[in-house]
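Here's a quick briefing on the fold you're about to look at. Have the viewer open and follow along.

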Amino acid sequence: MSSALVGLLHREHAATGLFLELLGLEAHAMTEGLFTELPGLAERKSQLASQITTISRQREALQQGLGYGPGRAGADAAAAAGDAVLKSAWQQLLARAAEAQAMNHRNGVMVHTHLDFTRQTLNFLKAGGQPLYGPDGTHQSGGSGNRLGVG
């Protein structure tokens, strides 16, 4: 089996590992409230995803050149026909890709949860139609005689 195919699998595996590291940094930034770091991380993720796509296309072109079909089915067939090194490289890539997919999904859920919380908070603050704070900076409760609605 082609050593070039094994080489591409290793490159794709390494790039996916870097993507996992970025996902970890992204999760850390969100859990620690370091939201100013997210745009830079998103840009780096986008660049790395593009690089992974390029390697994946090269791998697919090579597997088709070796007589296997496109996509996952062709890659599975090429790996099954290959030696232990190829089979191992393919299985390792599949495992890492699954890990990246799960971690990316988790981060997406965290982003959407934070956005929902922010929207709900903004809607709550806007609900009364009156400013939450008066011109002197004190809290306004919206009509009761006390400032914080207590008592």
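Contact here means heavy atoms within 4.5 Å. With that rule, and leaving aside neighbours within four places in sequence, Leu-23 is in contact with Lys-45, Ala-100, Met-103, Asn-104 and Asn-107. This is a predicted model, so local features need pLDDT of at least 70 and side-chain atom pairs count only at pLDDT 80 or more, while totals for chains, interfaces and linings use all residues. Residues are numbered from 1 along each chain as its sequence is written, and side-chain values use heavy atoms, with hydrogens and water left out.

**Overall layout**

- The chain has four helices and zero strands; helices (H or I, at least four residues) and strands (E, at least two) are DSSP runs, numbered from the N terminus.
- Of the 151 residues, 26% count as buried, where buried means under 20% relative accessible area, exposed over 50%, and partly exposed in between (1.4 Å probe, protein chains only).
- Take contacts between residues at least 6 apart in sequence: 57% of them join residues at least 24 apart.

**Helix α2**

- Helix α2 covers residues 38–65, and its 28 residues reach 40 Å from first C-alpha to last, close to the 40 Å expected at 1.5 Å a residue; the expected span is 1.5 Å times one less than the number of residues.
- Its buried residues include Leu-41, Leu-48, Ile-52 and Ile-55.
- The buried residues of α2 pack against α1 (3–31), α3 (71–81) and α4 (84–127).
- After α2 comes Gly-67, with a positive phi near 100°.

**Cores**

- The largest nonpolar core has 15 residues, and Phe-19, Leu-23 and Leu-48 have the most contacts inside it; such a core is a set of buried Ala, Val, Leu, Ile, Met, Phe, Trp, Tyr and Cys residues joined through side-chain atoms within 4.5 Å.
- Helices α1, α2 and α4 each give two or more residues to this core, and α1 supplies the largest share, eight residues.
- A second, separate core of ten residues includes Val-6, Leu-9, Ala-75 and Trp-90.
- Thr-16 sits in helix α1 and counts as buried because its relative accessibility is 6%.
- Beyond neighbours within four places in sequence, Thr-16 is in contact with Ile-52, Leu-93, Arg-96, Ala-97 and Ala-100.

**Salt bridges**

- The count comes to four salt bridges, each a side-chain nitrogen of Lys or Arg within 4 Å of a carboxyl oxygen of Asp or Glu.
- Arg-59 pairs with Glu-12, the closest N and O atoms being 2.6 Å apart; the pair links α2 to α1 across 47 residues.
- Both partners count as buried, Arg-59 at 8% relative accessibility and Glu-12 at 6%.
- Lys-45 and Glu-26 also form a salt bridge (3.1 Å, N to O), with Lys-45 in α2 and Glu-26 in α1, 19 residues apart.
- Lys-45 is buried at 13% relative accessibility, and Glu-26 is buried at 9%.
- Asp-116 and Arg-119 meet in a salt bridge too (3.2 Å, N to O); both lie in α4, three residues apart, about one turn of the helix.
- Asp-116 is partly exposed at 39%, as is Arg-119 at 49%.
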